Each structure stands twice: as structure tokens, then as C-alpha cells.
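Work each one out first, then compare with the solution.

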Amino acid sequence: MKNDFIFTHPVSDIVSLSGIVTVPTGFDKEKEKLPVIVFLHGSGEVGDGSEAQVQRVRAHGIPKYFGADADYRGLRVITVSPQCPADLIWDDIAIPLKQYIDAAIKEFGGDPKRVSLTGLSMGGFGTWSQACLCPGAYRRLAPICGGGVSWRVDDRFAGKEIRVYHSVDDPSVPFDFSVIMVKQAVEAGADIEFTSYTREGHGCWSRAYEQTDLIEWLAFAF
């Protein structure tokens with residue numbers, strides 16, 4: 001059985017988005033509804049969505065791990081990792097991105113009521129932005145070394161489960177960007193856990209994904 005797919009979906013009459021989707025061994029969407037982890041990559045992995053360029057998405061995080069092993073850590077979960085077009089950021093395509101995510105979940109038989117969203121760097125910003133667009137669509141959020149427009153985090157985030165990761169010495173995205181978003185999310189009533197590192201620079205996502213239970217948490221294993 002094939003476990004790893006390139007999925008392309010039209011989001012307008014002239015534009016499509018592409019990305020990588022993985023499913024676990026033996027998955028039959030007619031018999032089983034699985035949770036979904038959506039992953040948003042950083043600026044270094046943008047591309048034109050072609051089969052060759054979409055492979056860049058595998059560089060870090062969720063598609064790196066589940067692309068190598070669709071049953072990573074024994075989890076039965078579908079992963080959806082779209083590619084942002086070059087010269088754009090996730091904020092620029094927030095609505096088309098949501099259309100793509102919904103289409104992937106439907107196509108591969110994911111459970112729309114159990115969708116988690118995570119991303120790193122530009123994808124950390126995208127995670128906040130996408131959650132602000134439609135907070136009810138995502139059960140759990142994990143933005144890593146990101147930030148956002150804090151006033152968009154309002155009472156719709158009450159009770160939302162969020163884990164945030166950022167390193168104090170990040171030279172690319174200031175640590176305070178996450179501090180501001182966390183403060184606003186706490187005031188909005190979110191259930192939030194903020195992990196700050198001291199010596200990880202901009203690449204704290206490796207430690208967050210590999211040395212904590214974050215991925216299990218996103219997959220609702222506990």
C-alpha cells in the first residue's frame with residue numbers, strides 16, 4: 001500500500017496548491033476515521049508546487065518524520081503538509097490554504113473534528129494566522145518560533161489547547177513575537193503551554209518535535 005502522496009487541489013480557477021499527505025499502514029478511509037496533523041513549513045521550503053519542488057517540504061518537521069515512516073512513533077494519523085507558493089507567505093493565502101486543507105481531509109478520509117495545526121518560522125506565523133481565521137477548525141495548535149497579529153486572538157480562543165515554542169536567542173524571529181501572542185492567548189482564555197529555550201537559535205523546532213511529546217499530543221495519543 002502506498003503511504004505517501006503528492007496531493008494537488010485547485011483553490012481558484014487558475015491556481016492550485018500542492019503538498020504532501022501521508023497515511024498509516026493499512027489505512028482504509030471507508031472503515032476508519034483518523035486524526036489529522038497539518039504542518040506549515042518555513043520560508044526555505046516555498047516552491048511552485050511541482051512534483052520536484054514540493055519535495056522541499058520534507059526538509060523539517062512533520063513531513064520529514066512521517067515521510068520516512070508513515071507509522072512514526074506508532075501513531076495512526078494522517079499528515080497534510082502543503083507548499084506555500086514562492087514569493088508569498090501563508091498569510092497571503094489564508095483562505096485558499098483552508099480550502100486545500102479541507103479538500104485533503106475529505107480526499108484522504110481524515111476526521112474533520114480532530115485536526116491539529118503546527119508550523120515553524122514562517123509556518124509558525126501561518127499557524128497563528130490560520131487559527132485566527134477559523135479557530136474552530138483546529139483542536140490543537142503548536143506554533144514554533146512564530147508570531148502574529150495579537151489583537152486577532154480573541155474570545156474564540158477560550159479553552160483552545162495551544163503549545164508554543166521559541167528560543168530566546170532566535171536571530172531571525174524575535175522571541176518577544178511569541179511572548180506577545182501567548183500573553184494575548186492567555187487573556188483570551190486559551191489553555192496554553194509556552195516552552196522557551198535558551199540556546200537553540202532559530203532551529204528550536206528539532207528539539208520541540210524530537211525531544212518532547214509534541215507530536216503525540218498533536219495526534220491526540222494521550
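**Exercise 1.** Find the bridge partner of Ile 37 in strand 4, and work out in which sense strand 3 and strand 4 pair.

*Solution.* Step one: the partner of Ile 37 in strand 4 is Thr 79. Step two: strand 3 (residues 34–40) runs parallel to strand 4, with three bridges between them; strands pair if DSSP finds at least two bridges between them. Helices (H or I, at least four residues) and strands (E, at least two) are DSSP runs, numbered from the N terminus. Step three: on to strand 2 (residues 16–22), which pairs with strand 4 in the antiparallel sense over four bridges. Here Val 21 has Val 80 as its bridge partner in strand 4.

A word on the model before you continue: it is predicted, so local features need pLDDT of at least 70 and side-chain atom pairs count only at pLDDT 80 or more, while totals for chains, interfaces and linings use all residues. Residues are numbered from 1 along each chain as its sequence is written, and side-chain values use heavy atoms, leaving out hydrogens and water.

**Exercise 2.** Is strand 4 enclosed or open, and which residues lie on each of its sides?

*Solution.* First, recall that in a regular strand the side chains alternate between the two faces of the sheet. Next, sort the residues: Ile 78, Val 80 and Pro 82 are on one side, Thr 79 and Ser 81 on the other, and all are buried. Buried means under 20% relative accessible area, exposed over 50%, and partly exposed in between (1.4 Å probe, protein chains only). Finally, five of the five residues of strand 4 (residues 78–82) are buried, so the strand is largely enclosed by the rest of the structure.

**Exercise 3.** Which residues touch the most other members of the largest nonpolar core, and which element supplies its largest share?

*Solution.* Start with the term: a nonpolar core is a set of buried Ala, Val, Leu, Ile, Met, Phe, Trp, Tyr and Cys residues joined through side-chain atoms within 4.5 Å. Of the 42 residues in the largest one, Val 38, Ile 78, Val 80, Trp 128, Val 153, Phe 157 and Ile 162 touch the most other members. The largest share of this core, seven residues, is supplied by helix 2. A second, separate core has 23 residues, among them Tyr 65 and Leu 75.

**Exercise 4.** How are the rings of Phe 7 and Tyr 100 arranged, and how are those of Phe 7 and Phe 108 arranged?

*Solution.* Rings of Phe, Tyr and Trp (its six-membered ring) pair if their centres lie within 6.5 Å; planes under 30 degrees apart count as stacked, over 60 as edge-to-face and the rest as tilted. The whole structure holds ten such pairs. Phe 7 and Tyr 100 make a tilted pair, 5.5 Å centre to centre with 50° between the planes. This pair links Phe 7 in strand 1 (residues 4–10) to Tyr 100 in helix 2, 93 residues apart. Both partners are buried: Phe 7 has 10% relative accessibility, and Tyr 100 has 0%. Phe 7 and Phe 108 are edge-to-face, at 5.5 Å and 85°. Because Phe 7 is in strand 1 and Phe 108 in helix 2, the pair ties together parts 101 residues apart in sequence.
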